[in-house]
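Here is a short briefing on one structure. It covers a chain contact, a helix pair and some record annotations.

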Amino acid sequence: MDALMQFVFSGVTVGAVYALVALGFTIIYNASDVVNFAQGEFVMLGGMITVFAHLAGLPLPLAALGAILATAALGVALNRLAIEPARGAPVVSVIIITIGASILIRGAAQLIFDKQLHGLPAFSGDDPIRVMGATILPQSLWVIGGALAVFVGLWAFFTRTLTGKAVLATSNNRTAAQLVGINTGWVMTLAFGLSAAIGALAGVLVTPITLVSYDVGVGLALKGFAAAMLGGMGNPKGALAGGILLGLFEALTAGYVSSHYKEAVAFIVILGVLFAMPQGLFGRAGTERV
Amino acid sequence: MRPSAKWTQLLILFLLIALLPLFFPSGYYFRVGALIFVNGLAVIGIVILTGYAGQISLGHAGFAGIGAYASALAPGHLGLHPLLAVVLGALVSAAVAWLVGRPILRLKGYYLAVASLGFGILVAMVLGNERALTGGPDGMAVPDPGLRDLLKDLGLKLTGGEFWYWCCGLCLLIGAWAALNLQASPTGRALRALHGSEVAARTVGIDVARLKLQAFTISAVYASVAGSLLAMQNRFITPDVAGFMHSIEMVTMAVLGGVGSVIGAIFGAVILTLLPQVLTVFADYEQMVLGAVMILVMIFLPEGLIPSLARKLRGRGE
């Protein structure tokens, strides 16, 4: 029982990170129907920039804020320089562009920073908290709390604010959105900036636990995507639930089946979901227009 | 496509393969050439799947992995001749593609991309984790097919590099010939109809599901044979051959050169294979350059280099 609780805690912690990546996917997907394979690089940048700004002497909160803002700016630049110019291109082209961006960012990070693993001090100490016979790190609570806060914020944004509804309208039909006076260019800027900022936040929160290096992005992007798909693409509720579920599956597999195949879980989940219910847990069925 | 266009393309390819060695200053270039041909062969598979049928796969390196490890394992464990091992690898790849393709190909766009990606990564993971059989992430040695010794007995002495250059060049020609034939066949026309509009293709009586599955299976065989050739010429193989980056490389090569055209896609393989060789001096910048090239070509030459350039050369006549 204690072991189970321990696996659940670690699963939910990792799952919260996947959820944050998946939420980032969701925002961009909602605004533009683009799946951004560079999403994981935002997480990496959040962690790396914070680490190096902190090493340079900035206090941790300031370093983290700087990292999030810088990554958001990069997200906006990615949209302006690489996604917008290729609007209307086939899905393969857009996939290649975002993967190209991910390789470019990774290459630059390796050059600007280094190839080492880096950590950050935990925000509220390293003393484990005992809960129900198992222990959880205070930093895990930060990660889980961060995912919940971002989720609630996004939910309110998309359902309660005019700007959020403008984002949804843009994803539904860009031309119609323009016709009713929505500045779709600005909506895209907002979506990419917000998505990158959320990714960077995930990087800042999780670095004290899992460390960060220039190449952590690819794995996170794939896991985040698996989570988003599990929950149903484009649905923030689905992203959160999908992330946590995926984290739990992984932790339980590592604990009870085989730690070698822990990494395989995400992809088995993807394949299973796509075969059994391609719309995910919270998605809606779609039809193709000729 | 007009028959003459097919033979023109094959002739250009043949002349390039046959005449380039005249300009090679050292044996090293034969190795690079052989690598280009192997990549070109895999990329032709992508042309059939993506260029003809309009389906995406981000997991084709999985099939290259199956082919490579068939070449590495079958001679020792099953006592097969290395050439039969290549055939076995191709058969296994085709069977796996047929089984995996049935459910996967119902999906479209991003969903198909991610499902195939998941498949590729699972193959790489199995190859990396089953240490007892595959040697794990450290890789394993691959037996030599012994063809070079056979040629030596016949009085034809080739260095290892030269032998694989001609061997892979021949395979590439055969692969290109088969793909161009397919394009000109009724199946090829049906595939392009499917590419244009799946619904429309179905309404004119094309069995869409079966056709997609055929394209997927054929392209898997291309990737598998390419994987086998790579393993045999390097005499060593690691699970990276089935990895995510290798899948991405394949698709990028195809899209870079022009995914709708066999010659174009092979040209893409030439560029992306040469890039790291040229950039060895700037090894630190290799990834950045690769990423930038991917983005720029997709934005400015969305059809790929060769078709875009061909259109420019022909002017507005087409």
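Axes are lines fitted to C-alpha atoms, for helices over the stretch in contact, and angles run from 0 to 180 degrees between N-to-C directions. The model is predicted.

**Helix 3 and helix 5 of chain B**
- Helix 3 (residues 61–78) of chain B packs against helix 5 of chain B at an angle of about 30 degrees. Their axes lie 7 Å apart.
- Angles under 35 degrees count as roughly parallel, so helix 3 of chain B is roughly parallel to helix 5 of chain B.
- Helix 3 of chain B contributes Ala61(B), Gly62(B), Gly65(B), Ile66(B) and Tyr69(B) to the contact. Helix 5 of chain B contributes Phe119(B), Gly120(B), Val123(B), Ala124(B) and Leu127(B).
- By class, the residues of this helix contact are 7 nonpolar, 3 polar and no charged.

**Contact between chain A and chain B**
- Chain B gives 34 residues to the contact, and chain A gives 36 residues.
- On the chain B side, helix 5 (109–129), helix 12 (244–257) and helix 14 (286–300) each supply at least two residues.
- Helix 5 of chain B has the largest share of that side, with 12 residues.
- The chain B side divides into 25 nonpolar, 8 polar and 1 charged.

**Annotated spans of chain B**
- An unreviewed UniProt entry lists "transmembrane region" for several spans of chain B, including residues 109–128, 254–275 and 287–306.
- Residues 254–275 of chain B are 82% helix and 0% strand. The end C-alpha atoms of this span are 15 Å apart.
- Residues 287–306 of chain B are 80% helix and 0% strand. Here the end C-alpha atoms lie 23 Å apart.

Note on methods: Residues numbered from 1 in each chain as written. Chains lettered and ligands numbered in written order. Predicted model: local features only at pLDDT ≥ 70, side-chain atom pairs only at ≥ 80, totals over all residues. Contact = placed C-beta atoms within 7 Å. Helix = DSSP H or I, 4+ residues; strand = E, 2+ residues; numbered from the N terminus. Nonpolar A, V, L, I, M, F, W, Y, C, P; charged D, E, K, R; others polar. UniProt positions renumbered as here; feature names shortened; annotations may be inferred. Parallel < 35°, antiparallel > 145°, perpendicular 65-115°, else oblique.
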